[in-house]
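Work through the exercises below with the sequence and the model at hand. Each task is followed by a stepwise solution.

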Amino acid sequence: MTEPSEAVQADRALKAKHRTMWALGDYPSVVSHIIPELGALLVRECGVRQGDRVLDIAAGSGNAAIPAALAGADVVASDLTPELLEVGRHLAAVRGARLDWREADAEALPFADGEFDIVMSCVGVMFAPHHQTAADELLRVCRSGGTVGLVNWTPQGFIGRMFATMKPYAPPPPPGAQPPPLWGDEEHVHELLGDRVTDVDARRQTVRVDRFAQPEDFREFFKACYGPTIAVYRSLGDDSERAAALDAELDALARDHLRDGAMEWEYLLLTAHRQD
């Protein structure tokens, strides 16, 4: 048996790192406490109906997949991180939703060409490191005439700026990996999807976040619950000066966005139809 190539080994290591990162902290709490309505919004915008075959890519704990199932669709929720899928199974059972949970890499989906009527992702596929590969897979599994629906944080919005703030403190990304918030740039997404889609509707919108009364409340919550933030702080090791500097920068970012105890986080909502 031949050994996997260096490129294959590197990709496996990168995906293992991503899987571990998203299992850190408590991402389901971020979804349920901070952005609970985004998944249902995406389901409505995609026009999910009874009997539709739906794939939610990088579904996490089911923020969009569960509402799609409750709308009567035949749903597959796929994600790279089994810990998130396990939480999703429990949440679905509590809400009386029936759907299939599958561990899967967004860049190598284990589904047939054109298998789904609707392929969607709510702030999920944007974290796949190789954007074109993920976009190609997303389109491949959507049938001709089917719907593609995406919600992604924009580079200019709060979460995009948070990633920009953390970047100087994080280890350098591997070759070929692209910044997640690029998926929130309309021109970038058009380049990824190309002429394989039609009827494109792209809108920048905001979600109101009123959980954090003070900047420090935001920072501590994300340091405890959000995998990418936790990973950056862990990469600093015992360097307390750099950790304190990052604390201060995140506090300043939150302070800049807080208005009367609330923030508006910008995202790009995009829907389109797959064409041959």
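The structure holds 22 salt bridges, a salt bridge being a side-chain nitrogen of Lys or Arg within 4 Å of a carboxyl oxygen of Asp or Glu. The model is predicted: local features need pLDDT of at least 70, side-chain atom pairs count only at pLDDT 80 or more, and totals for chains, interfaces and linings use all residues. Residues are numbered from 1 along each chain as its sequence is written, and side-chain values use heavy atoms, with hydrogens and water left out.

**Exercise 1.** Describe the salt bridge between Lys 15 and Asp 11.

Solution.
- Step 1: the N to O distance for these two side chains is 3.3 Å.
- Step 2: Lys 15 and Asp 11 are four residues apart in helix H1 (residues 6-23), which means a separation of about one helical turn. Helices (H or I, at least four residues) and strands (E, at least two) are DSSP runs, numbered from the N terminus.
- Step 3: Lys 15 is buried at 5% relative accessible area, whereas Asp 11 is partly exposed at 27%. Buried means under 20%, exposed over 50%, and partly exposed in between (1.4 Å probe, protein chains only).

**Exercise 2.** Which parts of the chain does the pair Arg 53 and Asp 74 tie together?

Solution.
- Step 1: the closest N and O atoms of this salt bridge are 3.2 Å apart.
- Step 2: Arg 53 lies in strand E1 and Asp 74 in strand E2, so the pair ties together parts 21 residues apart in sequence.
- Step 3: both residues are partly exposed, Arg 53 with a relative accessible area of 23% and Asp 74 with 41%.

**Exercise 3.** Trace the strand pairing of E1.

Solution.
- Step 1: E1 (residues 53-56) runs parallel to E2 (residues 74-79), and four bridges join them. Strands pair if DSSP finds at least two bridges between them.
- Step 2: Asp 56 has Ala 77 in E2 as its bridge partner.
- Step 3: from E1 the chain passes through helix H4 (residues 65-70) to E2 in a right-handed β-α-β crossover; right-handed means that, with the strands pointing away from the viewer, the path from the first strand over the helix to the second runs clockwise.
- Step 4: E1 also pairs in the parallel sense with E4 (residues 116-122), over three bridges, and Val 54 stands opposite Ile 118 in E4.

**Exercise 4.** Locate the salt bridge of Arg 255 and Glu 216.

Solution.
- Step 1: the N to O distance is 4.0 Å.
- Step 2: Arg 255 is in helix H11 (residues 240-257) and Glu 216 in helix H9 (residues 215-225), 39 residues apart.
- Step 3: salt bridges that share partners join Arg 219, Glu 220, Lys 223, Asp 247 and Asp 251 into one network.
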